[in-house]
Amino acid sequence: MIRPMLGALALMLSSQASAETVAIVDARLMTMAAAGEVERGTVLIRDGRIVAAGAGVAVPTGARVIDGRGGVVTPGFIQADSTLGAVEVSQVPPSADRATHSAGISAGFDISRGLNPDSILLPVSRLAGITHAVTTPLYDDRRGRELQFSGQAAVIDLAQQPDMVTRPRVAMVLEMGEGGAARAGGARGAAIVQLKATLADVRHFARNRAAYDRGGGRPQPLARIDLEALVPVVEGRMPVIVKVDRASDIVEMLTLAREEKLKIILDGAAEGWRVAPQIAAAGVPVIVDPIANLPRSFSELGATEENAARLNAAGVTLILKTGSGVAHRARELRYGAGNAVAWGLPHAAAIAAITINPARIFGVSNRIGSLESGKEADLVLWNGDPLEPLSRPEAVFVKGMQMPLTARPLDLRDRYMPAR
């Protein structure tokens with residue numbers, strides 16, 4: 001009975017969103033658009049989309065009004081490099097779809113297939129202002145060493161409806177540095193040579209599909225599904241999220257991307273600040289964990305909490321993540337952003353790094369990431385500065401639907417906390 005009830009509730013919420021006009025009034029708007037910040041502004045929502053966001057917006061008769069006085073409205077936050085929707089209990093394999101153990105598939109693994117919209121981690125993350133996530137596949141070390149790619153990432157929403165994929169196959173995921181070296185026999189140079197050979201194989205396959213189908217042409221070490229998945233990569237249509245930390249490894253990847261004409265997004269980049277001018281000159285965006293300051297390996301000896309601020313000052317397009325991509329820690333995103341501000345990142349840049357920047361980089365800025373007319377009502381009304389730990393959401397909208405401000409941990413608290 002639970003599943004049909006959830007489906008009925010989703011349909012009801014969707015119907016309400018498509019028929020209702022809502023106005024959030026008298027709030028400070030952080031639009032992340034040309035309008036900038038607007039004091040005492042109004043966001044008007046109709047049929048699940050933003051009609052207007054700014055000062056002097058007229059509220060039509062019959063609209064449901066939400067008083068935002070003293071509050072702040074931001075676009076919904078986007079948690080990049082996450083496993084939200086792909087894992088429930090890490091130690092229970094049937095509830096984890098974040099990686100494939102098959103030695104016969106790597107780049108072809110599409111994480112957008114088989115996600116769980118009923119995960120109890122989603123409402124917990126929504127209470128932290130997160131409305132979307134970039135869900136990325138993990139590499140499973142039980143697979144063959146020759147498999148460098150862990151699969152394809154997807155942008156998902158946290159509305160808990162069956163169709164939760166906002167955009168599938170937004171990027172390919174690749175680990176280089178220490179991880180790539182380990183899978184190439186223990187040497188970074190071998191990993192780079194192996195990667196260049198793989199890219200050459202994919203280009204040959206793309207030019208000779210007919211011969212491949214006839215069983216001709218040169219032998220291919222990768223399965224066809226992997227070859228097909230990598231064609232958009234070598235053609236520059238799909239970016240590659242490259243997990244790398246050491247400054248010299250970052251420079252190597254910038255060089256390789258230029259030589260191979262790849263679009264890359266650096267992920268981790270613990271020592272990115274050391275080569276920030278080179279990253280900025282290459283126009284490569286970076287995903288960083290702003291509180292990563294303790295070296296977990298020899299690749300992160302230069303880790304510092306000033307990393308985000310220094311990269312931003314150099315002109316690098318910044319995306320913030322937190323919890324090293326662990327879904328159970330997604331809710332810490334705004335705390336990490338707040339720490340980045342404490343270490344020198346401008347407040348507006350921190351908000352941009354968890355809203356419009358990831359929306360643009362992953363190709364969904366036409367739908368989410370800013371408060372602009374025509375976009376989906378994907379936003380949060382906060383009772384204070386969203387980066388302050390004690391602030392909390394007063395209203396959360398995902399895909400034009402107002403979400404309940406509840407989550408299983410709160411339900412359990414209320415159920416079992418002794419009465420006083």
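User: Why is Y212 called partly exposed?

Analyst: Y212 has a relative accessible area of 27%. Buried means under 20%, exposed means over 50%, and partly exposed covers what lies in between (1.4 Å probe, protein chains only). The 27% of Y212 falls in that middle range, so the label is partly exposed. A word on the basis: this is a predicted model, in which local features need pLDDT of at least 70 and side-chain atom pairs count only at pLDDT 80 or more, while totals for chains, interfaces and linings use all residues. Residues are numbered from 1 along each chain as its sequence is written, and side-chain values use heavy atoms, leaving out hydrogens and water.

User: What makes F77 and W382 a stacked pair?

Analyst: A search of the whole structure finds two aromatic pairs. In the pair of F77 and W382, the ring centres are 5.6 Å apart and the planes make 25 degrees. Rings of Phe, Tyr and Trp (its six-membered ring) pair if their centres lie within 6.5 Å; planes under 30 degrees apart count as stacked, over 60 as edge-to-face, and the rest as tilted. The partners are 305 residues apart, with F77 in strand 6 (residues 77–82) and W382 in strand 14 (residues 379–382). Strands are DSSP runs of E with at least two residues, helices are runs of H or I with at least four, and both are numbered from the N terminus. F77 is buried at 0%, and W382 also counts as buried at 0%.

User: And how do you know how F205 and Y212 are arranged?

Analyst: Their centres are 5.1 Å apart and their planes stand at 85 degrees, which gives an edge-to-face pair. F205 is buried, with a relative accessible area of 1%.

User: Why is helix 6 described as largely enclosed?

Analyst: Helix 6 (residues 224–234) has 11 residues, and eight of them are buried, so the rest of the structure largely encloses it. Among the buried ones are D226, L227 and P232. The buried residues pack against strand 8, strand 9, helix 4 (188–207), helix 5 (209–213) and strand 10 (240–244). Helix 6 is followed by G236, whose phi is positive, near 75 degrees.

User: What makes the phi values of M32 and K261 worth a look?

Analyst: Most residues other than glycine have a negative phi. M32 has a positive phi of about 55 degrees, and K261 has one near 60 degrees. M32 is in the loop between strand 1 (21–30) and strand 2 (37–46), and K261 is in the loop between helix 7 (247–260) and strand 11 (264–268). M32 is buried at 16%, whereas K261 is exposed at 66%.

User: How do you know whether D163 is buried or exposed?

Analyst: D163 has a relative accessible area of 55%, so it counts as exposed. D163 sits in the loop between strand 8 (149–157) and strand 9 (165–175). Not counting residues up to four places away in sequence, D163 touches D157 and K399, where contact means heavy atoms within 4.5 Å.
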